[in-house]
Amino acid sequence: QLQLVESGGGLVQPGGSLRLSCTASGFTLDYYAIGWFRQAPGKEREGVSCISSSGGSTYYADSMKGRFTISRDNAKNTVYLQMNSLKPEDTAVYYCAAMHRGSSTTVQAMCITQYGIDYWGKGTLVTVSS
């Protein structure tokens, strides 16, 4: 069964940090660009950060720049999202998604439009609260 599994969510105080992990089973992430998306209560899902299959190209939404870092370890079949300086408005369910590298959609477009995605994970909840 092909699936993406997110982990690492939880409750953290404002200003704190969390590292999310996205692990694939049933397929190899080497061939896929990976994106992190989030959906806060009552809001639409939005792109957070995306990374190309090689790791050579990344995109961050403006509100995440300087605070979040996306990285990948293809040997572990895992993509990470390091989140620092967390704010209450970062509270959301975070999803990872995979887009095959053969897609004509760029990493930036993947994050902005959510177009071209082949697989979605089920999400992990991040709550930023004191």
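Are R67 and D90 buried or exposed? R67 is buried, and D90 is buried as well; buried stands for under 20% relative accessible area, exposed for over 50%, and partly exposed for what lies in between, with a 1.4 Å probe and protein chains only.

The model is predicted, so local features need pLDDT of at least 70 and side-chain atom pairs count only at pLDDT 80 or more, whereas totals for chains, interfaces and linings use all residues. Residues are numbered from 1 along each chain as its sequence is written, and side-chain values use heavy atoms, with hydrogens and water left out.

**Stop 1: the charged network**

Select R67 and D90 and show their side chains. They meet in a salt bridge of 2.7 Å, N to O; the term covers a side-chain nitrogen of Lys or Arg within 4 Å of a carboxyl oxygen of Asp or Glu. R67 sits in the loop between β6 and β7 and D90 in the loop between β8 and β9, so this pair ties together parts that are 23 residues apart in sequence. Strands here are DSSP runs of E with at least two residues, numbered from the N terminus.

The relative accessible area is 1% for D90 and 7% for R38.

E46 is partly exposed, at 35% relative accessibility. Through shared partners, R38, E46, R67 and D90 form one network. The whole structure has 4 salt bridges.

**Stop 2: strand β4**

Select residues 32-39. This is β4, and 7 of its 8 residues are buried. Strand β9 (residues 92-100) pairs with β4 in the antiparallel sense over 8 bridges; pairing requires at least two DSSP bridges between two strands. Strand β5 (residues 46-51) also runs antiparallel to β4, joined by 5 bridges.

Pick W36 to see both partners: C96 stands opposite in β9, and S49 is the bridge partner in β5. In the hairpin of β4 and β5, 6 residues lie between the strands, and G42 has a positive phi near 75°.

**Stop 3: E6**

Go to E6 in strand β1 (residues 3-7). Which side chain of opposite charge is nearest to E6? It is R45, 8.7 Å away, and the buried E6 has no salt bridge; for this count Lys and Arg are positive and Asp and Glu negative, with His and the chain ends not counted. The E6 side chain instead reaches two backbone nitrogens, that of C96 at 2.9 Å and that of K122 at 3.2 Å. Leaving out residues up to four places away in sequence, E6 touches residues including W36, Y94 and T124, contact being heavy atoms within 4.5 Å.

**Stop 4: the nonpolar cores**

Select I34, W36, L81, M83 and Y94. These touch the most other members of the largest nonpolar core, which has 29 residues; a nonpolar core is a set of buried Ala, Val, Leu, Ile, Met, Phe, Trp, Tyr and Cys residues joined through side-chain atoms within 4.5 Å. Elements that give two or more residues to this core include β3 (18-25), β8 (78-83) and β11 (124-128). A second, separate core has 10 residues, among them A33, F37, A97 and M99.

Definitions and conventions: Helix = DSSP H or I, 4+ residues; strand = E, 2+ residues; numbered from the N terminus. Polar contact = N/O pair within 3.5 Å; in protein donor to acceptor, adjacent residues only side chain to side chain.
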